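Colleague: I have a model open and would like to learn how to read it, feature by feature. Could we go through it together?

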Amino acid sequence: MTAWRRQAPEANEASALPEIGRARRVRLPDGRELFRLPRELEERAKRIVRLGHAGLFGVVDGGADDDGPWFVRSSSTVTLDDDGARVLPLVLLRELATALAACEGEAIFPGEIAPRAIGVDGDHAHVRGEALLRAWLGAASEHVVRDAVGRWDSPEVSAGGSADSASNRYALGLVVYRAIAKKHPFAGLGMRHAQRATELDPPPFDDAIAEALPPGLQAIVLGLLAPRPEDRPRSARAIVDRLDALSDTSSTTNARGSRAPRERVTAPPAPKAPSQVVPVVAAKVENRSKNEPVRAPVRHSFARPWVAVPAAIGLFAGALALGAPKAEVVAEKTPHAAPVKPLAKARASDCAPCHAREVAEWERSVMAHAAKSPLFGALESAIEEQNGRDARCPNGAGFLRKRGVDSCTDPSSGIVTTGSAGEHWCVRCHAPKETSQVPPWSAFGAPRGRAPLIDTLDEASLEGISCASCHETVGPVGVHGQASGYEGNPTWTSTKTGEVFLSRPEDREGRSGIANSGYRLDPGALLGDTSGAPAAVHRASSESAKSYRKTSEFCGSCHDVRLFGTDVVAKDRGEHFKRLRNGYSEWKTWADHETSLGRRAATCQDCHMSTFPGVCEKGAPKTEAEKSRACPEGMHLAARAPGEYAIGLVAPGSARQERIFSHTFTSVDIPLTRSFPESFANERGVDARGVPLGLRARRDILLSRTFRFELLPGRRAGGTLEVPIVLENVGAGHRVPAGFSQEREVWVELSVEDAKGDVVYEVGKIGEPSEDLRDKRFVRVNVRDVVGQGGAGFGRFQLRSDEDPFGRPLGVFGADVIDGPDVPQWTPNPRFGGTSFRGKGLVNLQNGFLRCVRCIGFVDAGGKCKPGPGQGRTRADRYEDAPYDADTGECRSNLSGGEELFETYFPVGSLDADRGVLKAPDAIVDTRSAPPGVPITYTYLVETGSRPGPFRISAKLRFRSFPPFLVRAFAAYEAEHAARGERPSGPQVTNAMLDRIDVVDLAQVSSRIE
């Protein structure tokens, strides 16, 4: 296999073959096939060639020249199932194990292993991976007939499970067994009996065959055929590593290669990190592992004579332990010896001695600061203090806290409102381990029962999404109502009727535990007696728990957030909740689409815990794609695909290397909390794998790979310029912005200049990061609430102007908003979704909040509400709140067609600064954000008059994690409550936090219109 080369082999275009997806094919004179890909698929071509190097696809050469990327594939269509196909068993074992190891290392599945799925080229074999290759080339998947159903299945697949890497290792054992014995190990039993036989230990080879085998080979094959996945080699890499380690030994064992007694096998030391990587020792952690290499391609070892000569007696000395069901693997002693006593708790400091890298990465992530997030804390306080507040419940109802002895009730129904929207609904995802630390909400008693979360949680709890939070998770909670114990928050209760509404429709689809803290914790799965394994300080996770933690469903237990009340817009789906965050649901929509096209969908972990979208490598950048301000001087950005993981040791004393899951959980937010040092955001070094240590650098790499952004050819028609821009989410498997998408801004800054350099039109421009976008102006934001003083229904005689008759404060978190110079004027309205818009004004992909209103101005012929006499000063003064039914989602208005919903800008709030009571939104906008793989075009119509051309157009796509108006409003609210003595640690949000808000340029383009 040659390296990545420049010049492709000469080809006769007359020998063209049918295209496969986006790849053109030509038959070469020697019979091989030359594939040519579009230039933008060069990184994909590199990945294909790299995997070909490891024995996948039959790819033997590749590179890029003036015509773009190319690779060469063996033309042989011979498979191991064909007559005359012969590969020596040892060669077959090593080459297929190498290919499977490469697939496991990149978290890809090459399809089920069977003789028909194994290509043969001369005396060598490779994994064909047809479906995977076609998917990567953009071709539709082909219908594949499985080889004699069940014949090459593992016991777990025969029992109805899904094929995976472990079942492929079993199939590898079957294939090699047949290559040696010239028959299937369960041949002649009939399909039903053969499937039952797989649940037992496989039969050893006949004596005559066993005596002729190299020592140890039978043990390897029988180990692969262990009925239980956990008794087989734990990875294909383990097989390759053992073959490498045994290639230099000369000791011999029983020539029959039968299963050996239990042996102690010392693991080989890990290789040192390559010299081109800049290692950086993590702050606060002194014993960080230095043996964490950047993954290199797996290379064939065809030149080793022992592989091709199975008669090399003594080669496999000691190999009997490989894959033997009860083989004991003991790591070499290291200076980082684990504590003798088992852990009784799993604080970060307890885990750091063995897992220094993971802890150092976690400290720099948003996960470690989730419980201390200022905006989260302030929003949670506002919800508890303001929802359900009236003269009878002057301190707030605590809708999302635990119910105590002094709870509030709905005055019209008498139903308890405290905890009705979900007990500990917020804290269970921001501090999963420690909900017991939070006292019940005290509507009338001691102030501690109403304190902010940050003042009720101890230091252990404030670790947020900690080591224990994830590693004590063993699976999802069960279907609501069918299992006892913890369920998270699967329901909310109507305070009008007492009806209980389900927030997890996935339960009906067999996917339990999605949204609202649907994880299941079991501390005993990690902590407790480890006497069965004296060297261990904690218990090993079960295979099912490890598998669950690698799924997007694990992330979906918290990264879908469903709010109480029925969404006005989404009620027709039959959902009685509001989708506040849709990370998992958006991913599932994309993943299902990918699967329908025959492509493997990357998981959340494949993007946020791998080396995706790139690492910094030594050497100056040679292309635009390699340039990145995130990489230190003298380094360039090397792209990595989702699911590309580094390989290394998870602890200094680990017995083997395996995939490294990054615990930086790269995000787009810089935590505002003071507990997150500025140095964590600004570090300029990289770790042993080339991943930047600074959160800003990691964020910038992630964002820079998110969008395709370009100016399409424009034109001048009379006195109007048509300036089309297109943006496409090409880097995320969910919509962008994601997460709390009502907070995050992704907008276009556009400037048009005439031939003199004068500005003709400008939109989206701001002076500094703390300046609001100019589509709207907040004239006044009211965050001053009052304790209910009026309320004729409660024996009061005088009403205040800032409260209603029930003593509810009016206008809290309401804003008087007027149009700004960049007010959007797009047709159709992007709020309703779509892919093509014309007009002008701000393009902002930020989602939003809607409120049910009726028109008190006048309704025009088009059904829009127009200002009446004395109205029009603010956006809201022509409306008033309309009746909204939280149980059904009905909005009873004199408007329709979407006009009955008015956009507000705070997660909870009032209609404006003087009217309405604070409540959750009645509907949520989730359609302005950009879905994956969908080009969206905005065509600006710019009036030029008689200005001279040509016109220069420049545009930027920009990002900001929080709108400044949100921070300022919560800072004012917190200052108000701190002044009353209700914030023991001081205000949770301050204006000083505006300094941490960055504006990030994702892309910049320019063009000319004559």
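This is a predicted model: local features need pLDDT of at least 70, side-chain atom pairs count only at pLDDT 80 or more; totals for chains, interfaces and linings use all residues.

Colleague: Now a sheet. What is the strand order in the open sheet of four strands?

Modeller: The order is S24-S23-S36-S37, and the pairing is antiparallel. Strand S24 (759-763) and strand S37 (1000-1009) are at the edges with a single partner strand each, so one side of each has no neighbour in the sheet. On average, neighbouring strands are turned by 10 degrees against each other, direction ignored.

Colleague: Which residue in S24 does Val 752 stand opposite?

Modeller: Val 752 faces Tyr 761 in S24. Strand S23 (residues 745-753) pairs with S24 in the antiparallel sense, over four bridges. A helix also packs on this sheet: H21 (residues 695-704) touches strand S36 (951-960) and S37, and its direction makes about 40 degrees with that of S37.

Colleague: On to cores. Which residues have the most contacts inside the largest nonpolar core?

Modeller: They are Phe 57, Phe 71, Leu 92, Leu 137 and Leu 172, in a core of 65 residues. Several elements supply at least two residues each, including helix H1 (42-53), strand S6 (118-121), strand S7 (124-127) and helix H9 (236-246). H2 gives the largest share of this core, eleven residues. Apart from it lies another core, of 56 residues, with Val 427, Trp 492, Val 561 and Val 817 among them.

Colleague: What does Phe 57 touch, not counting residues up to four places away in sequence?

Modeller: Phe 57 touches Ile 48, Leu 51, Arg 73, His 126, Val 127, Arg 128, Gly 129, Leu 132, Leu 133 and Trp 136. Arg 73 has already come up as the residue opposite Val 59.

Colleague: How are two packed helices described?

Modeller: One gives the angle between their axes and the distance between the axes. Here, the axes of H5 and H8 come within 7 Å and cross at roughly 140 degrees. That angle makes H5 oblique to H8. The crossing of H5 past H8 is left-handed. On the H5 side the contact is made by Arg 169, Tyr 170, Leu 172, Gly 173, Val 176, Tyr 177 and Ile 180, and on the H8 side by Leu 217, Val 221, Leu 222 and Leu 224.

Colleague: Why do some residues of a helix point the same way?

Modeller: An α-helix has 3.6 residues a turn, so residues three or four places apart point the same way. In the contact above, Leu 172 and Val 176 of H5 both take part.

Colleague: How many residues of H8 are buried?

Modeller: Eight of its eight residues are buried, so H8 is largely enclosed by the rest of the structure. Gln 218 is one of the buried residues. Helix H12 (residues 356-363) is mostly covered, with eight of its eight residues buried. Among them are Arg 357, Glu 358, Glu 361 and Glu 363. The buried residues of H12 pack against helix H11 (348-351), strand S19 (658-660) and helix H20 (678-682).

Colleague: Last, a loop. Where does His 538 lie?

Modeller: His 538 is in the loop between strand S13 (519-521) and helix H16 (543-549). His 538 counts as partly exposed because its relative accessibility is 29%. Leaving aside neighbours within four places in sequence, His 538 contacts His 355, Leu 526 and Thr 530. The C-alpha atoms of His 538 and Lys 341 are 9.2 Å apart, with 197 residues separating the two along the chain.

Colleague: Is Thr 530 buried or exposed?

Modeller: Thr 530 is buried, at a relative accessible area of 9%. Thr 530 also sits in the loop between S13 and H16. Beyond four places in sequence, its contacts include Pro 342, Ala 536 and Arg 539.

Notes. Residues are numbered from 1 along each chain as its sequence is written. Side-chain values use heavy atoms; hydrogens and water are left out. A nonpolar core is a set of buried Ala, Val, Leu, Ile, Met, Phe, Trp, Tyr and Cys residues joined through side-chain atoms within 4.5 Å. Buried means under 20% relative accessible area, exposed over 50%, partly exposed in between (1.4 Å probe, protein chains only). Contact means heavy atoms within 4.5 Å. Two strands pair if DSSP finds at least two bridges between them. Axes are lines fitted to C-alpha atoms, for helices over the stretch in contact, and angles run from 0 to 180 degrees between N-to-C directions. Angles under 35 degrees count as roughly parallel, over 145 as roughly antiparallel, 65 to 115 as roughly perpendicular and the rest as oblique. A crossing is left-handed if the near helix is turned anticlockwise from the far one by less than a right angle, and right-handed if clockwise.
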